[in-house]
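I am opening a notebook on a structure that is new to me. I will write down what I looked up, entry by entry.

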Amino acid sequence: TNIVGLDLTGLSISAAELSAQLKDNGILGSALGPTYLRLVTHMDVTESDISTVNQILPGLLKRSFMA
């Protein structure tokens with residue numbers, strides 16, 4: 001298991017909003033506060049799953065910089 005924490009302080013998106021946008025794209029993340037999102041991998045996560053996250057997450061974060 002690996003845990004990735006994203007501190008969204010200073011961005012125009014909340015952890016809950018980013019979590020919802022990720023879920024719309026088939027990626028689950030947990031908002032553990034207004035500005036902290038947790039992503040967790042485990043043995044059932046495939047390389048394809050990681051590729052999907054690597055394609056979608058940067059775009060969502062980039063939008064929050066431009067808003």
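**Entry on Ser19.** I began with Ser19 and found it buried, with a relative accessible area of 14%, where buried means under 20% relative accessible area, exposed over 50% and partly exposed in between, for a 1.4 Å probe and protein chains only. I noted that this is a predicted model, in which local features need pLDDT of at least 70 and side-chain atom pairs count only at pLDDT 80 or more, while totals for chains, interfaces and linings use all residues. Residues are numbered from 1 along each chain as its sequence is written, and side-chain values use heavy atoms, with hydrogens and water left out.

I then placed Ser19 in helix α1; helices (H or I, at least four residues) and strands (E, at least two) are DSSP runs, numbered from the N terminus. Not counting residues up to four places away in sequence, Ser19 touches Ile27, Gly29 and Leu37, contact meaning heavy atoms within 4.5 Å.

**Entry on helix α1.** Which residues of α1 are buried? I listed Ala15, Leu18, Ser19 and Leu22. Seen down the axis of α1, these buried residues fall within an arc of 105°, so they line one face of the helix; the arc is that of the directions from the helix axis to the C-beta atoms. The cover over the buried residues of α1 includes β1 (2-7), β2 (30-31), β3 and α2. After α1 comes Gly26, whose phi is positive, near 80°.

**Entry on the core.** I next looked up the largest nonpolar core, which has 13 residues, and those with the most contacts inside it are Leu6, Leu8, Leu18, Leu22, Leu37, Leu39 and Leu57. Such a core is a set of buried Ala, Val, Leu, Ile, Met, Phe, Trp, Tyr and Cys residues joined through side-chain atoms within 4.5 Å. The elements that give two or more residues to this core are α1 (15-24), β3 (36-41) and α2 (47-66), and α2 gives the most, with 4 residues. Leaving out residues up to four places away in sequence, I found that Leu57 touches Leu6, Leu18, Leu22 and Leu39.

Ser64 is found in helix α2 and, at 6% relative accessibility, counts as buried. Its contacts, leaving aside neighbours within four places in sequence, are with Leu11, Ser12 and Ile13. Ser51 also has its place in helix α2, but I found Ser51 partly exposed, with a relative accessible area of 37%.

The largest pocket has a volume of about 420 Å³. On a 1 Å grid over the protein atoms alone, a pocket is an open set of points where a 1.4 Å probe fits, with protein on both sides within 12 Å along at least five of seven lines, and lining residues have an atom within 4 Å of a point. Grid points are joined across faces, edges and corners, and the volume is the space filled by probe spheres set on the points.

Of the 19 residues that line this pocket, the closest to its centre are Ile27, Leu28, Val40, Thr41 and Val53. I noted that α2 gives the most to the lining, with 6 residues.

**Entry on Thr41.** Thr41 lies in strand β3 and is partly exposed, with a relative accessible area of 21%. Leaving aside neighbours within four places in sequence, Thr41 is in contact with Thr1, Asn2 and Ile50.
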